[in-house]
Amino acid sequence: MHAGSCHCGAVRFEAEVDLTTLAVCNCSMCGRTGAIMVFVPRAQLHPLAGEDKLTDYQFGKKSLHHVFCSVCGVRPYAWGAGHDGAEWAMVNVRCLDGVDTNTLTIGKQYDGKNL
Ligand SMILES: [Zn+2]
């Protein structure tokens, strides 16, 4: 279990994530925001505070909710339904407390630009 937050601290959460299964993506959103993501079933994301501060942003097929903090603009996680209908969350590893992203290995590069 890892704790995380946006930059200003309004949005806080905990998530059960495996830091050995990280991904980056080249889609129009991730390419711009530079998130390092880990995918988990939505039930493994536990919002603790600030859900009312999140602004939802959707684009394309609008199947994903790319939320960001309305105060500081940081994008701590996203969620949406997968092809099988199950709800998934994408946790931005850059928002986790105590994780040095310089030491992490990015195992997967999603070709989101061409999905
Ligand atoms: Zn914030």
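**Questions on the model**

Reply: Gly50 sits in the loop between E5 and E6, where strands (E, at least two residues) and helices (H or I, at least four) are DSSP runs numbered from the N terminus. This is a predicted model, in which local features need pLDDT of at least 70 and side-chain atom pairs count only at pLDDT 80 or more, while totals for chains, interfaces and linings use all residues. Residues are numbered from 1 along each chain as its sequence is written, and side-chain values use heavy atoms, with hydrogens and water left out.

Me: Is Gly50 buried or exposed?

Reply: Buried means under 20% relative accessible area, exposed over 50%, and partly exposed in between (1.4 Å probe, protein chains only). The relative accessibility of Gly50 is 14%, so Gly50 counts as buried.

Me: Which residues is Gly50 in contact with, leaving aside neighbours within four places in sequence?

Reply: Contact means heavy atoms within 4.5 Å. With neighbours within four places in sequence left aside, the contacts of Gly50 are Ala10 and Val11.

Me: In what order do the elements of the protein run from the N terminus?

Reply: The protein has one helix and 11 strands. From the N terminus on, the order is β-β-β-α-β-β-β-β-β-β-β-β.

Me: What is the radius of gyration of the protein?

Reply: The radius is taken over C-alpha atoms, and the globule rule is 2.2 Å times the number of residues to the power 0.38. For 115 residues that rule gives 13 Å, and the protein is close to it, so it is as compact as a globular protein of that length. The C-alpha trace spans about 35 × 30 × 25 Å along its principal axes. The radius of gyration is 13 Å.

Me: What share of the 115 residues is buried?

Reply: Of the contacts with a separation of 6 or more, 56% are between residues 24 or more positions apart. Buried residues make up 35% of the 115.

Me: Which residues have the most contacts inside the largest nonpolar core?

Reply: A nonpolar core is a set of buried Ala, Val, Leu, Ile, Met, Phe, Trp, Tyr and Cys residues joined through side-chain atoms within 4.5 Å. The largest one has 22 residues. Strands E2 (12–15), E4 (37–41), E9 (77–81) and E10 (87–92) are the elements that give two or more residues to this core. Those with the most contacts inside it are Phe13, Val17, Leu45, Tyr77, Val91, Val93 and Leu96.

Me: Which atoms are the protein donors of the zinc ion?

Reply: Donors are N, O and S atoms within 2.8 Å of the metal (3.2 Å for Na, K and Ca); water is not among the atoms, so sites may look incomplete. The protein donors lie 2.3 to 2.4 Å from the zinc ion. In sequence the donor residues are spaced C-x1-C-x60-C-x2-C. The donor atoms are Cys6 (SG), Cys8 (SG), Cys69 (SG) and Cys72 (SG).

Me: What is the geometry of the zinc site?

Reply: Four donors count as tetrahedral if all angles lie between 85 and 135 degrees. Ideal angles are 109.5 degrees for four tetrahedral donors. The angles among the four donor atoms of the zinc ion are 104 to 117°, and the site is tetrahedral.

Me: Where is Lys62 found?

Reply: Most residues other than glycine have a negative phi. Phi of Lys62 is near 55°, a positive value. Lys62 is exposed, with a relative accessible area of 53%. Its place is the loop between strand E6 (54–55) and strand E7 (64–66).

Conventions:
Four donors count as tetrahedral if all angles lie between 85 and 135 degrees; four count as square planar and six as octahedral if opposite donors are over 155 degrees apart and all others between 65 and 115; anything else is irregular.
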